[in-house]
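Trainee: Could you pick one part of this model and take me through it closely? I'd like the cut-offs as you go.

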Amino acid sequence: MARLERDFIDFHEKIKYKLVKHLCIFFVILMSVVTIVNYSNAHFSATPNVFAVGMCLIALVFLKYTKNYRLVAKICTVITFCIVSGAFLFLKATHYLTPMWMIVNIIFTFFILGKKWGISMLICHFLVLFYYLIFYHESNIVAVDVFSGNDIATFITEYSIVGFAIGYLLNLYILTTKYSEKELQENNNILIEQNKIISKQNSEMEVMLREIHHRVKNNLQIITSLLRLQANSTGAESSGFQEAIDRVTAMAIIHEKMYQSGSLSKFDLEKYLKSLVDSLLTSYSIEQKPTFEIDVRVENMKSKSIVPLALLINELLLNSLKHAFHNQENPKIVIRLVDLQSSSSRFLLYYSDNGTWAENSVASFGTEIIQAMSEQLEGDLELKTSNSGTDYIFNLANLS
């Protein structure tokens, strides 16, 4: 697409360069003819034509050596404005043709230099024209004698030149417009084909990713099964095995939700947390099951942050379920995630329970996991404990 865009721009640049060059050659030849004609006519001044011929010759030389058509066009349009304005204000004539040259210059400026220069030149030309009509037009009309046949021939010659210049400019405008429409249609067709290919590739990629998540989830379930078998075969205390199983299950649920979701790019974090809670409640025998308040206000949780966040919350839940509610009649856990207003790449995790914790009841390994996951999410935590419960506040990064 970048190549097509460059080709399109190059075409316009070549057209404009060609236009400036051809107009300069055209006016050198024809304005020289008009200059010769005007020298033999009392009602026409050759002075503006001489300036115009000189301007075009200088522009051709400058264009040949610099290839900078925009700079040449700026110089020409300003000099043409000065020539036209000088003709209006200093020549005692009817000025039937002068406004036509004004229009040629305005069209030329719009086409070559764009809207900003074109509007500026239009305003300047018409201000001079209005000034001429108010202060000079009437006296100029009175001063002019009756036209002769030679005058009419000169008028026809100059009108022909002006008409040719306007026609040439408009023809190039039509040419570039048609080319633009053709290029636009071709580019649209290419985009449609590319979009079809991309859509097909995206569909195939999504199917593949779903299959990967499904297989990872199955593999993690195999690991949990192996851990259970190991716990049963050793006959050892199963608490450590169960915690390991819960941590693996926390990751397995992520992949399960991934391949079940309608869009892999949008992970339903609130739904995941509810599934994680249900899984943990099934694993632990708790006399009084806690109520949960889960509120997720993170717009888009990035995939890189999901696993460490899941392990962090899993560890917090494990600690609460195992150690916090032995003497609590109405246990409650609150999990809240909100985007930071000051940063689109960070969010806050609020976690609290209303349990009463025994001193040194939290395993050091669990604390290490909480600390490690916080560091992995480039965050920091604030812990508040009281008789009414425990509150964690995590400031975490939403990693891309």
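Mentor: The secondary structure of the chain comes to 11 helices and five strands, where helices (H or I, at least four residues) and strands (E, at least two) are DSSP runs numbered from the N terminus. Keep in mind that this is a predicted model, where local features need pLDDT of at least 70, side-chain atom pairs count only at pLDDT 80 or more, and totals for chains, interfaces and linings use all residues. Residues are numbered from 1 along each chain as its sequence is written, and side-chain values use heavy atoms, with hydrogens and water left out.

Let's take the sheet. It is an open one built from five strands in the order β1-β2-β3-β5-β4, with mixed pairing; two strands pair if DSSP finds at least two bridges between them. The edges belong to β1 (291-297) and β4 (380-386), and each has a single partner strand, so one side of each is left without a neighbour in the sheet. From one strand to the next, the twist averages 10 degrees. For angles like this, axes are lines fitted to C-alpha atoms (for helices, over the stretch in contact), and values run from 0 to 180 degrees between N-to-C directions.

Zoom in on β3 (residues 346-353) and β5 (residues 389-397): they pair in the antiparallel sense over eight bridges. If you want one to click on, Y350 has I393 in β5 as its bridge partner.

Now for the helices that go with the sheet. Helix α10 (residues 303-323) packs on it, touching β1, β2, β3 and β5, and its direction makes about 15 degrees with that of β3; contact here means heavy atoms within 4.5 Å. Helix α9 lies across β1 and β2 (332-339), running at about 155 degrees to β1. The α9 geometry checks out too: at 1.5 Å a residue, its 15 residues (269-283) should span 21 Å, and the end C-alpha atoms are 21 Å apart, which agrees. That expected span is 1.5 Å times one less than the number of residues. Among the buried residues of α9 are L269, Y272, L273 and L276, buried being under 20% relative accessible area, exposed over 50% and partly exposed in between (1.4 Å probe, protein chains only).

T109 is buried at 0% relative accessible area. Its side chain makes a polar contact of 2.5 Å with that of T77 and reaches the backbone oxygen of N105 at 2.6 Å. A polar contact is a pair of N or O atoms within 3.5 Å; within protein, one must be able to donate a hydrogen and the other to accept it, and residues adjacent in sequence count only if both atoms are side-chain atoms. Leaving out residues up to four places away in sequence, T109 touches T77, G114, W117, G118 and M121.

One last stop is an aromatic cluster formed by Y131, F135 and Y136. Rings of Phe, Tyr and Trp (its six-membered ring) pair if their centres lie within 6.5 Å; planes under 30 degrees apart count as stacked, over 60 as edge-to-face and the rest as tilted. The count by that rule is seven aromatic pairs. Y131 and F135 make a tilted one, 4.7 Å centre to centre with 45 degrees between the planes. They sit four residues apart in helix α5 (residues 115-135), so about one helical turn separates them. F135 is exposed at 54% relative accessibility, while Y131 is partly exposed at 39%.
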